[in-house]
Amino acid sequence: MTKTFYALALLLLLQLNVQAQESGSINGYITDAESGETLISANIAFKSINKGTSTNTLGYYSLTEVEAGTYTIMCSYIGYKPFQKEITLSRGENFRLDIELQPNSLELEEITVVSDAEEKEQKNIGVARIETDLIKSVPAVFTADVFRSIQLLPGVKAASDFSSGLYIRGGSPDQTLILLDRTTVYNPSHFFGFFSTFNPDAIKDVRLHKGGAPAEYGGRLGSVLSIYNKDGNRKEPSGSVTLGMLTSRVMVEGPYSKGSWMFAIRRSTLEPLLAALRASQDGIPDKFYFMDINGKLNYDASESDKFSLALYSGKDRVNIPFMDDANINLGYGNQTLSGNWTHIFSEKLFSNFVLTGSRYFNYPEFQIAGTTFERDNNIYDFSVKADLQYLPNSRHQLKTGLWSGIFTLKLNDFFDNQKIFSSRIHNRYTSVYIQDEWTPGEKWKITSGLRLNHFSDGDFVRLEPRFSMEYQPMEKIRLQAAYGRYNQFLTLISNEAFSGFDVWLTSAEGVPPSYGDQFILGAKTIPFEGYGFDLEVYYRSMEDLFEYDPFLPDVAGFPYEDVFRFGRGYAYGLEAFFEKRSGKLSGFIGYTLGYTWRKYPHFNVEISNPDGAARFYPPKYDRKHDINVVLNYQINDRWKATSTFSYATGQAYTKVHGRYIQTELPWTNDERNVFTVGKVNASRLPAYHRLDISFSRRGKFFNLGESELQLQLINVYSHRNVWFYNYNFDTNPIEREEVNLLPILPTLSYTVKF
Amino acid sequence: MRNLLLLVLLFCISACETYNQDEYQEQYVVESYQVAGRELAEVRLSTTASASELYKFEDQAVNHASVKVHLLSGGAGTDVEETFPFTLTGQGTYTTDADHKILGTRTYMLEIDFPDSDEKITSTTLVPGTYEITETLQDTLIYQSSEQLEVTLTESQYAGRQSYFVFTSISLNPVEGNLTPFFLDLYQDEDEDLEYYTKNSSGIFNKDTYSSNPDGTTTINYPWIGIAFYRDNLIVSHTIDDNIYDFVRTQQVQLGGSTISPGEIQNVFYNMDGGIGIFGSMATDTVGIHIKRGPDF
């Protein structure tokens with residue numbers, strides 16, 4: 001298999017039309033002029049010739065094979081003033097041009113589009129970018145949240161108002177690889193899934209590959225979410241303090257002689273509310289908080305060498321005494337640490353090396369009537385990554401890289417102070433990839449790649465071909481297609497209603513990794529200047545899905561492969577995205593038509609034929625139609641309004657047809673009420689709809705800095721959306737009761753920037 | 001652009017997969033639990049009721065069936081060695097006068113026919129092997145003291161797998177004043193009557209949860225959460241067959257929990273043809289224990 005990979009890689013290399021050139025090149029970093037932050041996917045192009053590119057995820061760009069001469073170079077980035085400069089390039093010269101872009105103070109003025117490359121990076125097939133300003137301005141329950149903002153994009157669904165989990169293109173949350181500064185995050189949630197772990201103050205950029213990710217990404221069946229923390233202000237010390245009703249946060253950043261630093265801390269502030277509730281109600285937690293910190297230190301060793309150290313640490317704690325002689329105590333969280341070295345070998349060869357460490361832990365403990373149940377669950381993932389970007393000529397951009405690591409799971413369960421289950425999984429994983437972005441002409445771009453994965457437990461080797469192409473028949477229309485094979489060696493044991501006890505398990509002998517193919521077609525258009533209309537259709541398969549068997553009461557003594565059920569699935573859909581990117585009124589409308597199906601043995605079989613074939617069924621989070629409208633309106637220099645409206649087909653649920661009662665089970669006096677159902681999840685809850693609005697006012701805080709007051713109203717007309725139906729057996733006939741989602745909720749926050 | 005929109009429209013139309021909600025179908029329901037070493041237990045036969053209707057067992061009882069239990073010569077599908085006819089003795093309840101005690105490690109088959117139709121219900125159960133509690137270190141314990149009830153069990157045979165256990169404490173003095181603190185609070189908060197708490201059971205757990213002794217026996221520390229009442233209790237150990245195991249483990253997930261999303265309900269796993277329910281078996285043994293209040297209670 002390895003030989004095959006190298007042979008294919010060689011073929012890829014051979015297609016490169018490498019020509020010796022006497023031409024020059026231009027390269028450098030593009031940064032924010034006020035903070036010095038590198039800008040990802042900023043566009044740079046020559047005015048007179050059709051040649052341009054965009055910065056990579058480290059803010060670096062390189063334009064090669066430029067004939068000697070004098071050119072006007074232009075640079076642009078959304079939210080920044082366009083930059084242009086005349087340069088003279090001599091034969092064979094490698095011109096270093098680091099560019100600082102000035103942010104627009106307000107979003108009132110139109111952004112000048114200087115190059116068709118403007119949107120190319122951000123509008124690649126399957127790609128979506130969320131701007132941090134949008135994350136902070138869209139109405140969110142209690143605190144701005146990255147995942148809640150992502151859930152507004154077409155193709156991304158939320159399980160409920162209570163879950164920040166990302167259900168992307170029919171995939172469950174574990175099918176999305178989540179990277180924070182290139183480090184895997186295993187449980188990106190606070191408050192059992194209500195919030196994501198990412199502090200919007202600390203974030204610079206959020207990029208989502210909903211599907212069709214190129215060969216440089218792998219490890220999951222579905223999507224890749226890359227989040228990059230800020231480097232820290234390289235110009236001057238600055239920061240912000242935000243006081244919210246239930247969370248508050250502080251971020252400080254600044255320069256030092258050799259670089260920059262950033263530190264952000266966020267903590268929930270529920271304690272006063274809990275104290276007030278405790279006076280009148282039982283079962284209120286003694287302790288209930290989350291906290292996270294983000295930090296980054298950058299060291300600019302030279303023009304060609306940059307080092308950074310990034311860390312994240314977050315945890316949730318809850319302690320709930322209930323009834324007489326019972327208590328729940330839970331702690332869980334994540335820690336990540338990454339060290340990054342960026343080295344520019346030459347104008348044609350750029351490199352990035354990362355050492356990553358990620359830990360996820362949870363320690364639930366239940367103590368009831370003198371008996372304890374405890375879990376000690378730790379995941380450690382240490383890895384090394386190396387990525388090289390090589391520009392042999394102006395038509396090819398070659399990327400290759402390696403990701404290798406050690407994944408360790410230590411899971412111990414104790415019942416009544418006795419260890420009843422113990423699992424230690426220790427796996428080595430390695431991936432290598434090669435990828436070429438070939439631009440054979442002005443209208444075509446073809447990206448092909450291969451990714452080879454090895455997973456030590458079970459000795460699985462998997463090859464993943466990836467391919468995408470883009471054709472631009474006219475200036476404002478880009479047609480795209482992509483195919484990719486993806487493998488996943490991990491599965492998540494979780495529950496959409498509660499993510500505090502998450503456990504990850506791996507493939508192993510007898511448990512093959514899941515795999516799937518993705519096919520995507522897309523059209524990206526600019527119907528009018530300043531507007532965009534995008535369309536994508538996708539189909540993806542999911543084979544050898546392995547998930548923890550939900551019907552096992554105890555797995556002690558079971559062979560590893562017997563704790564799983566193995567299934568398959570597929571999903572397909574259409575996504576439409578219409579946006580207005582600038583002006584007083586900006587925003588987008590996203591529409592998704594999506595279908596997703598699963599099938600597991602003995603599940604969803606006919607009740608009268610239990611040995612019959614299992615049927616495909618839609619998971620609960622499946623919604624056929626999903627529309628999200630996000631509007632920003634800059635009322636004046638001080639006031640801004642943001643509104644989101646969501647409408648979606650009701651989620652799937654299983655209709656209860658019949659019932660009976662088993663009364664004679666010898667070991668209980670409890671009557672066992674049993675349902676009979678037909679097809680699983682064949683009915684639909686009422687349609688979901690919700691309107692949120694937010695008003696923010698900018699001002700001064702005693703001349704010490706700028707301030708922003710944010711008033712938000714979630715679920716303005718208090719529509720009680722249904723989460724699921726509960727069945728009450730205390731009544732006869734049984735009654736179906738609605739379990740509702742969020743009612744109307746006001747939120748207030750105040751931010752001071754200094 | 002027009003062609004693009006046409007393509008989209010075509011996709012939308014072709015994408016509509018049908019997965020329509022089906023309708024309620026009435027099913028025969030069986031309930032019977034055979035215990036190794038005891039007389040043949042009754043068989044209850046009824047039908048399901050529509051979820052929107054009032055449920056009363058008497059209204060759903062099926063009284064016109066012909067019920068038989070066969071002892072098979074080997075496993076499922078083998079010849080009948082002996083047949084035990086059952087007769088209707090109450091609403092939907094069938095019993096037998098046969099002088100037969102259920103044999104451990106043997107297979108029994110339930111067969112139900114209906115005189116007015118060709119419908120037939122069949123199910124087989126492999127009875128877990130009998131076993132006994134050989135040893136309890138104590139006959140009196142102080143509630144939530146460091147010394148717990150320790151029970152040693154001989155091995156119960158079950159072909160092809162380890163034993164699955166359920167433990168039950170049965171109070172012999174079930175009055176409110178004898179409830180332990182947690183259960184007293186529960187009793188006062190919930191609507192259930194005291195009878196509900198007199199049998200307090202564990203969930204299903206595997207024999208391999210506990211390490212075996214060199215002589216093949218298994219020693220289990222009985223957890224305090226299993227004790228709902230002070231004073232005299234019976235501790236009953238059950239090993240269960242596949243039919244009860246499948247029924248219990250899937251029924252308890254119908255109302256949520258596990259990894260299944262709320263509202264995603266599946267049918268219980270039944271090992272029965274022509275109907276649903278349980279024709280199950282188990283082996284049991286019992287010991288007595290006296291629980292005293294501790295100084296903190």
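Gly658(A) stands opposite Ser50(B), a residue of strand S3 of chain B. The pairing behind this position joins S41(A) to S3(B), residues 49-50, through two bridges, and the two strands run antiparallel. Strands here are DSSP runs of type E with at least two residues, numbered from the N terminus, and two strands pair if DSSP finds at least two bridges between them. The model is predicted: local features need pLDDT of at least 70, side-chain atom pairs count only at pLDDT 80 or more, and totals for chains, interfaces and linings use all residues. Residues are numbered from 1 along each chain as its sequence is written, while chains are lettered from A and ligands numbered from 1 in the order in which they are written.

Across the interface, 75 residues of chain A are in contact with 74 residues of chain B, contact being C-beta atoms, placed from the backbone, within 7 Å. S41(A) gives the most to the chain A side, with seven residues. By class, that side has 42 nonpolar, 20 polar and 13 charged residues; Ala, Val, Leu, Ile, Met, Phe, Trp, Tyr, Cys and Pro count as nonpolar, Asp, Glu, Lys and Arg as charged, and the others, including Gly, as polar.

The largest nonpolar core has 74 residues, and those with the most contacts inside it are Val30(B), Val43(B), Leu45(B), Val67(B) and Ile244(B). Its largest share, six residues, comes from strand S17 (residues 276-292) of chain B. Such a core is a set of buried Ala, Val, Leu, Ile, Met, Phe, Trp, Tyr and Cys residues joined through C-beta atoms within 7 Å. A residue is buried if 20 or more other C-beta atoms lie within 10 Å of its own. Beyond four places in sequence, Leu45(B) touches residues including Tyr28(B), Val30(B), Val62(B) and Ile112(B).

In chain A, four strands form an open antiparallel sheet in the order S3-S2-S5-S6. S3 (52-54) and S6 (83-89) of chain A stand at the edges with a single partner strand each, so one side of each is left without a neighbour in the sheet. Within the sheet, S2 (residues 43-46) and S5 (residues 69-76) of chain A pair over four bridges, and the bridge partner of Phe46(A) in S5(A) is Ile73(A).

Asn487(A) lies in strand S31 (residues 477-488) of chain A. Asn487(A) is buried, with 25 other C-beta atoms within 10 Å. Its contacts beyond four places in sequence include Asn453(A), Arg462(A) and Tyr515(A). The C-alpha atoms of Asn487(A) and Asn453(A) are separated by 8.4 Å, although the residues are 34 apart along the chain.

Terms used: A residue is buried if 20 or more other C-beta atoms lie within 10 Å of its own, exposed if 12 or fewer, and partly exposed in between; C-beta atoms are placed from the backbone. Two residues are in contact if their C-beta atoms, placed from the backbone, lie within 7 Å.
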